[in-house]
Amino acid sequence: MKHVVDNAFAAALYARDDTGLDTGASLLAAAWGEVGRELLGRGEAFVRQAWERGWRPADVLRLVRRDLDERHVRLAADLIAGEARRYARLPAGWGADEAWWGDDDRYADGLVAREKSDRFSLATAVLEVLRVLVRLPSIEPVGPLPGDPAGELEAAGHLEPRMLGRIRALLAKAEATTFPEEAEALSAKAQELMARHTVDEALLAVRGGGSGQLPGACRIGVEPPYEEAKAVLLDAVARANRCQAVWNAAFEFSTVVGFEGDLESVELLYTSLLVQGTAAMTRAEAGQRAGGRKRTKTFRQSFLLAYASRLGQRLAETAEHAATGTPDYLPALVARDVAVGARAEEMFPKTTTTRLRGATDLAGWTDGTAAADRARMGSAAAADRQALRK
């Protein structure tokens with residue numbers, strides 16, 4: 001079946017337009033029950049090429065979801081799962097599913113049953129996914145590849161499991177509550193724990209007990225709508241946790257550079273604050289509609305920009321408070337900042353600035369600022385610090 005797949009790929013994958021897609025799909029559909037193993041093998045090779053170009057599973061799935069649909073996402077996940085079978089261990093956070101189909105020779109027929117679709121439609125969808133994979137450009141790598149010895153080592157500096165569990169529990173409660181004051185207190189406590197971890201890591205370095213770790217990087221999705229405001233919020237959270245974020249608007253993610261535990265903190269806090277902000281925006285918008293207002297897009301854009309801008313100010317205050325509260329460790333904290341800056345410059349030597357669309361809705365800006373004040377991370381948490389240490 002190799003020649004059938006060769007001909008289908010030649011027709012469909014490398015043309016500049018879609019004229020050969022039907023031809024390629026027809027060739028595959030005619031031999032569908034016999035091409036499953038070959039399609040998997042070729043697709044897994046394309047997946048591996050994507051890894052070597054710097055892409056990770058979540059990045060690929062995000063792009064496929066943006067450009068195609070959920071069926072294509074499932075097909076891409078299959079190829080990722082197939083390639084992941086080759087490795088005894090995967091890098092932390094790799095996120096590949098288990099292969100569900102068993103024998104590769106049964107994959108094609110298994111797809112028909114799973115998707116409840118005809119062979120031609122499935123062949124078309126597979127080719128469309130493969131076209132996305134073969135056209136991926138190279139991007140900045142953010143960690144080891146599957147199979148690299150470095151990927152099998154536990155990264156130093158992770159948040160301690162018990163602390164990580166406490167932070168997650170606090171943020172989950174903050175997202176669930178409908179009382180702004182409670183959400184504020186819970187989020188503040190979580191940020192205090194994160195800041196304490198960074199100071200503790202700095203203390204280890206001062207005492208010579210550090211692991212000698214270097215800054216790493218991770219990617220966090222920043223997807224429409226209102227992606228500019230979300231990117232501003234992520235940047236604010238990153239800076240507060242002594243990291244740097246670089247937004248890639250074309251591929252809908254930001255790359256965050258920092259030490260391992262701080263990267264975990266950024267992802268946890270950003271996700272939680274975005275959930276809280278979205279919920280607050282929905283409540284504020286309902287109030288606006290109750291007053292007879294019909295416009296929503298400009299209100300939401302202005303709300304989220306104000307929310308991100310105000311939180312940025314308050315997170316910066318919190319970071320400053322954590323640093324000045326431990327003056328003996330300032331040299332070590334500064335050294336971490338310098339290392340992160342150098343790593344970010346190495347990864348992104350040619351960054352550019354982006355002009356944000358303006359916030360044109362006064363009500364949205366006012367409500368967004370108020371929501372950020374309720375979700376503040378600042379000195380309100382200091383009173384809880386002693387209790388948290390017990």
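Student: Where is glycine 143 found?

Tutor: Glycine 143 sits in the loop between helix H7 (119–134) and helix H8 (161–176). Helices here are DSSP runs of H or I, at least four residues long, numbered from the N terminus. By the way, this is a predicted model, where local features need pLDDT of at least 70 and side-chain atom pairs count only at pLDDT 80 or more, while totals for chains, interfaces and linings use all residues. Residues are numbered from 1 along each chain as its sequence is written, and side-chain values use heavy atoms, with hydrogens and water left out.

Student: Why does glycine 143 count as partly exposed?

Tutor: Buried means under 20% relative accessible area and exposed means over 50%, with partly exposed in between (1.4 Å probe, protein chains only). Glycine 143 has 34% relative accessibility, so it counts as partly exposed.

Student: What makes H10 oblique to H11?

Tutor: Helix H10 (residues 227–240) and helix H11 (residues 260–290) pack at about 140 degrees, with axes 9 Å apart. Angles under 35 degrees count as roughly parallel, over 145 as roughly antiparallel, 65 to 115 as roughly perpendicular, and the rest as oblique. So H10 is oblique to H11.

Student: Which residues of H10 and H11 make the contact?

Tutor: With contact meaning heavy atoms within 4.5 Å, Lys230, Leu233, Leu234, Val237 and Ala238 of H10 meet Val266, Leu269, Tyr270, Leu273 and Leu274 of H11.

Student: What is the average pLDDT of the protein?

Tutor: pLDDT is the predictor's confidence in each residue, from 0 to 100. The protein averages 84, and 86% of the residues score at least 70. Over residues 376–390, though, pLDDT stays under 50.

Definitions and conventions:
Axes are lines fitted to C-alpha atoms, for helices over the stretch in contact, and angles run from 0 to 180 degrees between N-to-C directions. Helices (H or I, at least four residues) and strands (E, at least two) are DSSP runs, numbered from the N terminus.
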